[in-house]
Amino acid sequence: MSKKYYITTPIYYPSGNWHIGTCYTTVICDALARFKRSEGYEVFYLTGTDEHGQKIQKSAEAKGRKVMEFLNEQVDTLKKVWEVLDISYDKFIRTTDDYHKEAVQKIFLKLYEKGDIYKSEYENMYCTPCESFWTKSQLKDGKCPDCGREAELAKEESYFFRLSKYQDRLIELIENNKEFLQPVSRQNEMLNNFLRAGLTDLCISRTSFDWGVKVPLDPRHVVYVWLDALSNYITALGFMGEDDKLFKKFWPADLHMMGKEIVRFHSIIWPAMLMALDIPLPRKVYGHGWLLFDGDKMSKSKGNIVDPIVLCEKYGADAVRYFLLREVPFGNDGLYSLRAFLNRRNADLCNSLGNLLSRTTAMIEQYFGGILPAPTAPKDDSDKGYDLDLKAHAEGLLERVRDFMDKLLVPEATNEIFKLINRANKYIDETTPWVLAKDESKKARLGTVLYNLAEVLRLSAVLLSPFLISAPQKILDCFALKVPKSFKGECEFGGLKAGTTVKRSDILFNRIDVEKEILAVEKEQNK
Ligand code: MSP
């Protein structure tokens, strides 16, 4: 039986507010999905859009647009972002898809019939001109956060989900299954701030707006967003639909990945809904940190937006992916600045990886007419030492990278591959091939050195292929190879065949003058 892996990002609000931080969840999941595919897993990677609710209806109306037209445009733009970043999702769900809406209604009905959904009254602050309910904490200085006018206490007939009924089971889940919610700090947060404080039932319908899934049997109500949104993880697989083969095959999810601000919904409300539906719980919920910009979570309102499409077009999607995968300590917040991004690009991609490739392929061309020489056993003790140390970095590398990926330590996984690349650059300085080339009697040694370097490049390209997209293939093009579909049999040192024709590489990543570039960008922004 083949191994399966079901991974999800949250579904995105079609807000148009997509910046490099918003791409974090999706890029991380993409690297994990690609890594698992290379490990021979049958992967299902789900992403999509969360399209219901009053805010969306209002945004469309404010622009004088029909809601669906507005949404279609937003979704097209989001898909373009994922295309530019080479996101390999298997399915894109929209909560406005008919099959999803029908399944949400069936889920609602099932929970209602079971007694886990009941009708009651929702009492909260109401802004009459905006026709909006707000919780006290949403009000700004006691006034409506949209229009700034007085809000008053009002009652609305609503349906409620019996969340309180699941409190003990949820506490037990988080306390006893340490794998379920990660990193560990999020377990304490959920237990102390929410679960042990006591759960109240959750209001899951609204009558004050109509942009949503209609409540079956009571269409004056629409299902309030979280019940609708969270269900996407199962409706996308056909749960309660005409064909639930994918659900039977892939559920439970192996990993729900998301930013820390929505962990509560995924580790409390979502498992409670699944318990009520009597279906298995996801294996892991992971709340990652934020990418911060000048110390704040990025958002359009703060005027510090960084457009991922512009960044990818200017500096390459690989560089953007690499920064996201490498720079944010997993589980914690990371900092973005153009300087940090360009420095990382120059140091790792241009200097370490790019130089290793250009030096190695240039020397194979210059000294061996572009034909890969065969390695021989080193005679000299120091040569032996260098070779052994280089190979020690290569041997078992897949296992070390896998170990980090299993723990979701993505920056550490990429760092492990770069340790080998950096070791190979040091190996060039130690073995000085340009000196060996001057002495005909050292030709065999020179051949061995260049073979070893070429082999490091091959192995690094294979292992980098879940993280970067264009660079690994460009490296392998020099050796007339393709990125393999699977790591199997590809990660042992010595895979390259002597006698292979080696093509001199083009520039992999151009070097950027950081100070000049920052000045140019600032000038552009101030225009
Ligand atoms: N629609 C809800 C999710 C419903 S899932 C059933 C939502 N959407 S979102 O568009 O606001 O966020 C999508 C993802 O982007 C989340 O994982 C969120 O944490 C992530 N990020 C948004 N800004 C971010 C940063 N600045 N840094 C890292 N991740 C960030 O929430």
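I took two strands as paired if DSSP finds at least two bridges between them. Helices (H or I, at least four residues) and strands (E, at least two) are DSSP runs numbered from the N terminus. The model is predicted: local features need pLDDT of at least 70, side-chain atom pairs count only at pLDDT 80 or more, and totals for chains, interfaces and linings use all residues. Residues are numbered from 1 along each chain as its sequence is written, and side-chain values use heavy atoms, with hydrogens and water left out.

**Entry 1. Antiparallel sheet**

I looked up the strand order and found an open sheet of 4 strands, β5-β4-β6-β8, with antiparallel pairing. Its edge strands are β5 (132-134) and β8 (202-203), each of which pairs on one side only. I then went through the bridges. Strand β4 (residues 117-127) is joined to strand β6 (residues 152-161) by 10 bridges, and the two run antiparallel. Within this pair, Glu123 stands opposite Lys155 in β6. On the β8 side, β6 and β8 pair in the antiparallel sense over 2 bridges. There I noted Phe161 opposite Leu202 in β8.

**Entry 2. Parallel sheet**

I traced another open sheet, in which 6 strands follow the order β3-β2-β1-β11-β12-β7 with parallel pairing. The edges are β3 (91-94) and β7 (181-182), and each pairs on one side only. Between strand β1 (residues 4-8) and strand β11 (residues 255-259), which run parallel, I found 2 bridges. Ile7 has Leu255 as its bridge partner in β11.

Axes are lines fitted to C-alpha atoms, for helices over the stretch in contact, and angles run from 0 to 180 degrees between N-to-C directions. Helix α1 (residues 23-38) packs on the sheet and touches β1, β2 (42-49), β11 and β12 (285-288); its direction makes about 165° with that of β2. Helix α10 (residues 263-277) also packs on the sheet, touching β7, β11 and β12, and its direction makes about 140° with that of β11.

**Entry 3. Cores**

I used "buried" for under 20% relative accessible area, "exposed" for over 50% and "partly exposed" for in between (1.4 Å probe, protein chains only). A nonpolar core is a set of buried Ala, Val, Leu, Ile, Met, Phe, Trp, Tyr and Cys residues joined through side-chain atoms within 4.5 Å. Which residues touch the most other members of the largest core? In this core of 104 residues, they are Tyr336, Phe341 and Phe467. Helix α18 (residues 443-464) gives the most to this core, with 13 residues. Apart from it I found another core, of 57 residues, including Tyr159, Leu199, Met258 and Phe265.

**Entry 4. Backbone details**

I looked at helix α13 (residues 338-368), which bends by about 35° at Gly354. The bend at a residue is the angle between axes fitted to the seven residues ending there and the seven starting there. Just after α13, Gly369 takes a positive phi of about 60°.

I noted a cis peptide bond between Gln182 and Pro183, with omega about -10°. Pro183 lies in the loop between β7 and α6 (184-195). A cis peptide bond also joins Trp251 and Pro252, where omega is about 5°. Pro252 sits in the loop between α9 (245-250) and β11.

I then looked up positive phi values in residues other than glycine. Met240 has a phi near 60° and is found in the loop between α8 (232-235) and α9. Is Met240 buried, partly exposed or exposed? Met240 has a relative accessible area of 22%, so I recorded Met240 as partly exposed. Asp278 has a positive phi of about 65° and is placed in the loop between α10 and β12. I recorded Asp278 as exposed because its relative accessibility is 65%.

**Entry 5. Whole chain**

I recorded 20 helices and 15 strands in the chain. The C-alpha atoms fill a box of roughly 90 × 60 × 40 Å along the principal axes. Of the 527 residues in the chain, 55% are buried. Among contacts with a separation of 6 or more, 77% are between residues 24 or more positions apart. The chain exposes about 23,500 Å², of which carbon and sulfur atoms supply 49%. Accessible areas come from the Shrake-Rupley method with a 1.4 Å probe; for residues, only the protein chains shown count as cover.

Key. Contact = heavy atoms within 4.5 Å.
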